[in-house]
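Subject: Structure handover

Hello,

Here is the structure for you to look through. Please open it alongside these notes.

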Amino acid sequence: LNDVSKEYISRLSASNVYNQLLAWAEDYDTEFAEILKSNEQYAIDVLSIERDTPKPRKDIYKWSMVREYYNYMFDNFENIEHDFSQITSIDNALLCKILQTYIVLFESDLDKTDWFERVKKLAENNNFCVDNKLYKQDPSKYNGNVASLCNIIRYAFTGKTNTPDLFSICCVLGKDELYRRLDIIKSKLNV
């Protein structure tokens, strides 16, 4: 039954998901309902991530899952715990430098290909290997590969290592919110 529900929800438009989710939340999670109503377009943009694609994500099979699944988009980012030592060995100063540079390079009007080229350049400039064959030969020579850099960025701005498309998330959050989140991270890391 959960698989049927996942399939059904994945095929709904973001607006339809929003309307059904809001109706559920008004009955079962009034705090979340208020969050959804406070910025309807933002909520629809969040729910649009990876929805209108040939293979939409199928992570949600009941409305009660949405708030936890997208907690990094709707709840107070200040309450999200980070333990960067679980995903990287780079020091906090380099971590914050990379995140700062990422935000500077990020532009929501780029297409994904141009965005990824910028991420690869960021990787290269910070000793992350952009060639996986080279990386596999001697990973100790590098801070990681491009995938690990993307995982660091994803984890920093969401608190999760598995999310929908990172570029889309950053587009919905916007540059100002990314800077705000970086300030929170810096204060937690005492950088």
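Below are notes on helix packing and on a few residues in loops.

First, the ground rules. This is a predicted model: local features need pLDDT of at least 70, side-chain atom pairs count only at pLDDT 80 or more, and totals for chains, interfaces and linings use all residues. Residues are numbered from 1 along each chain as its sequence is written, and side-chain values use heavy atoms, with hydrogens and water left out.

Helices (DSSP runs of H or I, at least four residues) and strands (runs of E, at least two) are numbered from the N terminus.

Start with α1, residues 2–11. Ser 5, Ile 9 and Ser 10 are buried there. Buried means under 20% relative accessible area, exposed means over 50%, and partly exposed lies in between (1.4 Å probe, protein chains only). Seen down the axis of α1, the buried residues fall within an arc of 130°, so they line one face of the helix. The arc is taken from the directions from the helix axis to the C-beta atoms. Asp 3, Val 4 and Arg 11 are exposed on the other side of α1.

What do the buried residues of α1 pack against? They pack against α2 (14–28). Contact here means heavy atoms within 4.5 Å.

Helix α2 also meets α4 (residues 40–48). Their axes come within 8 Å and cross at roughly 115°. Axes are lines fitted to C-alpha atoms, for helices over the stretch in contact, and angles run from 0 to 180 degrees between N-to-C directions. The crossing of α2 and α4 is right-handed. From α2, the contact uses Ala 14, Ser 15, Val 17, Tyr 18 and Leu 21. From α4, Glu 40, Ala 43, Ile 44, Leu 47 and Ser 48 take part. By class, that contact has seven nonpolar, two polar and one charged residues. Nonpolar covers Ala, Val, Leu, Ile, Met, Phe, Trp, Tyr, Cys and Pro; charged covers Asp, Glu, Lys and Arg; the others, Gly among them, are polar.

**Around α8**

Helix α7 (residues 92–105) and helix α8 (residues 112–125) have axes that come within 10 Å and cross at roughly 150°. The two are therefore roughly antiparallel. That label needs an angle over 145 degrees; under 35 is roughly parallel, 65 to 115 roughly perpendicular, and the rest oblique. This crossing is right-handed too. Ile 98, Thr 101, Tyr 102 and Leu 105 of α7 touch Trp 115, Arg 118, Val 119 and Leu 122 of α8. The contact residues divide into six nonpolar, one polar and one charged.

Helix α8 also crosses α10 (residues 146–158), at roughly 100°, with axes within 10 Å. That makes α8 roughly perpendicular to α10. Phe 116, Val 119, Lys 120, Leu 122 and Ala 123 in α8 meet Val 146, Leu 149, Cys 150 and Ile 153 in α10. This contact has eight nonpolar residues, no polar ones and one charged.

**Loop residues**

Asn 127 sits in the loop between α8 and β1 (128–129). Its phi is positive, near 60°, though Asn 127 is not a glycine. Asn 127 is partly exposed, at 34% relative accessibility.

Asn 190 comes in the segment after α11 (166–189). Its phi is also positive, about 55°. Asn 190 is exposed, at 70% relative accessibility.

Asp 131 lies in the loop between β1 and α9 (132–137). Asp 131 is partly exposed, with a relative accessible area of 34%. Asp 131 and Val 146 are 15 residues apart in sequence and 8.4 Å apart in space, C-alpha to C-alpha.

Best wishes

Conventions. Left-handed = near helix turned anticlockwise from the far one by under 90°.
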